[in-house]
Amino acid sequence: MGRVSKKSFKRSSRPRAKSMITDCEIQPLLNSELSRTNIADNGFIFKYDSENSDLENNKTPATQSKANELLYPYYLRYARHSDTLLNTCSKSFSLDYDILNRPKFYRKLQPYIPLGDTITNEPYTQNSIITIFAIWNTIMGTSLLAMPWSVERAGLVMGLLLMFVIAALCLYTSNRILRVQVLHGNDTGEVAQLSKKLLGPWAEVIAKLFSFIILLGANIVYWILMSNFLYYSVGYVHDLLFGDENTGTFDFNTTNLICPSNADYINSTSNTTRQLTLYEQIWDLNTTVPIFLVVIVAPLLNFRSATFFTKFNSLGTLAVLYLFIFVIIKSYSWGINMSAPTLGGLTDYSEFYKNTFPATSGMLTLSMFIHNIIITIMRNNENQKHNGRDLSIAFTLVLLTYLLIGITFYVCFPLAKSCIEDNFLNNFPRTDVFSIIARVFLFFQLLTVYPLISYMLRVQVFAALELSIYPSVLHVIALNCFVIFICILFAIFMPHIGTVIRFSGAICGFVYIYTLPTMLHLASQKRRNLLTFGSVIFHVSISLIGLANLIAQFFV
């Protein structure tokens with residue numbers, strides 16, 4: 001092998017080449033350009049493996065000889081197909097370490113590296129502004145559509161209070177994870193590795209298990225929403241081409257709203273019943289559309305790599321921007337409505353507090369969820385000293401976004417507040433052009449995100465089973481069929497994203513937001529002989545809040 005240079009010993013932060021099958025956590029909701037650090041150009045989610053979690057276990061990186069040894073088989077494959085390099089068959093393969101990491105050479109070598117392997121790459125870093133908006137964009141998701149409903153569930157004042165309290169708790173526990181990572185983690189570790197090191201193997205199993213659950217919950221919510229968006233999008237085309245006297249007039253800014261969840265409202269507006277048409281029998285939101293969706297989505301789930309879908313991550317930011325503009329325009333046209341007449345002639349006043357507030361706390365828990373990937377995101381921050389500040393700014397932006405959409409829609413909604421749907425687009429008639437554009441746009445946005453979430457779930461499941469990333473077509477198809485089957489069942493029998501979000505948020509939030517971060521923090525303090533009785537009481541209280549939030553979901 002080539003001579004070991006002094007230069008290779010100085011670069012102590014350079015990770016070693018490893019297999020992509022790792023124990024790392026993966027991102028539940030992928031909306032950020034930051035994902036390029038996790039889903040690399042070759043389709044890998046995690047590029048480096050790690051069994052250790054303490055800084056004391058960090059070793060000096062591989063020497064140039066070791067790097068050459070790892071790359072030598074792939075270099076030979078490249079050399080057989082190219083005569084542009086010297087010593088193509090030489091066993092004294094000793095290209096300079098930095099040259100091997102140049103993107104140009106890496107791209108040449110990459111086709112000769114089999115799927116599942118990767119070589120050392122320069123770490124990607126970003127400034128604070130990009131980090132802040134990466135966190136904001138990652139947290140933002142489908143919860144935006146349910147935010148007005150969450151305010152209605154708690155009441156105006158209680159909803160505001162819960163937003164601030166849960167945002168503060170999520171920010172604090174995220175900071176605890178980052179602090180523990182600095183003290184006991186390494187350059188590639190995640191929450192699961194920290195849990196294994198500080199709490200034991202059982203904690204690692206729990207961390208990975210609930211990471212599966214949060215991904216499955218995201219798949220279910222996305223399937224319900226895609227079924228809804230597809231139903232109304234096709235309905236728009238059908239009405240445009242085959243409209244009759246029952247078809248309303250399309251309007252860009254209609255002031256008409258509907259209250260589909262209110263039985264009295266439905267009965268009062270449906271004086272006569274008519275026989276369903278053949279189209280309505282075939283194209284039904286809660287029976288056939290979730291099944292028809294399989295034809296569109298299933299072919300996108302069996303690729304070896306999900307790299308193609310990462311190119312559409314910017315659609316997430318555009319979706320948030322469009323929803324924000326949509327809500328502002330509609331709210332401005334309605335004006336402020338803190339009270340509204342009911343069908344019985346009484347006045348429905350906006351409540352400041354409601355006993356159903358646990359539904360809001362459960363949903364907000366998932367809406368602020370970023371804990372299982374926060375280490376990965378902040379690891380790429382250019383100035384690690386600013387991690388705490390940048391994280392605080394990002395959570396502030398998230399809170400402001402939720403306040404602007406949730407509170408604004410709730411305060412201005414002109415019907416009874418109980419009519420607000422867990423997907424506020426359902427309050428608009430199918431003839432409203434703005435809502436039609438929103439549904440079509442969001443359908444294609446979710447169509448690119450769903451394969452990513454399914455790919456991440458596949459990686460974690462097969463890694464837990466100690467299989468390769470793509471063991472066989474049958475393995476992949478079997479797993480995808482199981483996940484799709486679960487999604488279809490929910491879309492048919494439980495098509496309420498508010499319920500799915502609040503339960504998945506309460507269950508996974510109890511582990512990842514309220515319990516694991518506090519336990520890791522207490523274990524870290526104990527190792528450093530800094531554990532106090534006051535710290536134990538405070539952090540155990542946070543876990544008890546998460547437990548109470550979970551239990552309360554069954555009584556709402």
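**Exercise 1.** Leaving aside its neighbours within four places in sequence, with which residues is Ser195 in contact?

*Solution.* The structure is a predicted model. First, locate the residue: Ser195 belongs to helix H8, which covers residues 191-198. Next, list its partners: Ser195 is in contact with Gly200, Ala203, Glu204, Ala207, Leu516 and Leu520, once neighbours within four places in sequence are left aside. Finally, consider accessibility: Ser195 has a relative accessibility of 0% and therefore counts as buried, since buried means under 20%.

**Exercise 2.** Determine where Thr142 lies and whether Thr142 counts as buried or exposed.

*Solution.* Thr142 is placed in the loop between helix H5 (128-139) and helix H6 (143-154). Its relative accessibility is 13%. The cut-off for buried is under 20%, so Thr142 counts as buried. Not counting residues up to four places away in sequence, Thr142 touches Val221, Tyr222, Leu225, Leu446 and Ile501.

**Exercise 3.** Describe helix H18 by its span and its cover.

*Solution.* Helix H18 runs over residues 433-464 and has 32 residues. From its first C-alpha to its last it reaches 46 Å, close to the 46 Å expected at 1.5 Å a residue. As for cover, 26 of the 32 residues of H18 are buried, and the helix is mostly covered. After H18 comes Glu466, with a positive phi near 60°.

**Exercise 4.** Identify the residues that make the nonpolar surface patch of about 610 Å².

*Solution.* The patch is made by Val540, Leu544, Leu547, Ile551, Phe554 and Phe555. One of these, Val540, is found in helix H22 (residues 533-552). With a relative accessible area of 37%, Val540 is partly exposed.

Notes. Residues are numbered from 1 along each chain as its sequence is written. This is a predicted model: local features need pLDDT of at least 70, side-chain atom pairs count only at pLDDT 80 or more; totals for chains, interfaces and linings use all residues. Side-chain values use heavy atoms; hydrogens and water are left out. Patches are made of residues with over 30% relative accessible area and no salt bridge: like charges are joined within 9 Å, nonpolar side chains (Val, Leu, Ile, Met, Phe, Trp, Tyr) within 5 Å. Accessible areas come from the Shrake-Rupley method with a 1.4 Å probe; for residues, only the protein chains shown count as cover. A salt bridge is a side-chain nitrogen of Lys or Arg within 4 Å of a carboxyl oxygen of Asp or Glu. Helices (H or I, at least four residues) and strands (E, at least two) are DSSP runs, numbered from the N terminus. Buried means under 20% relative accessible area, exposed over 50%, partly exposed in between (1.4 Å probe, protein chains only). The expected span of a helix is 1.5 Å times one less than its number of residues. Contact means heavy atoms within 4.5 Å.
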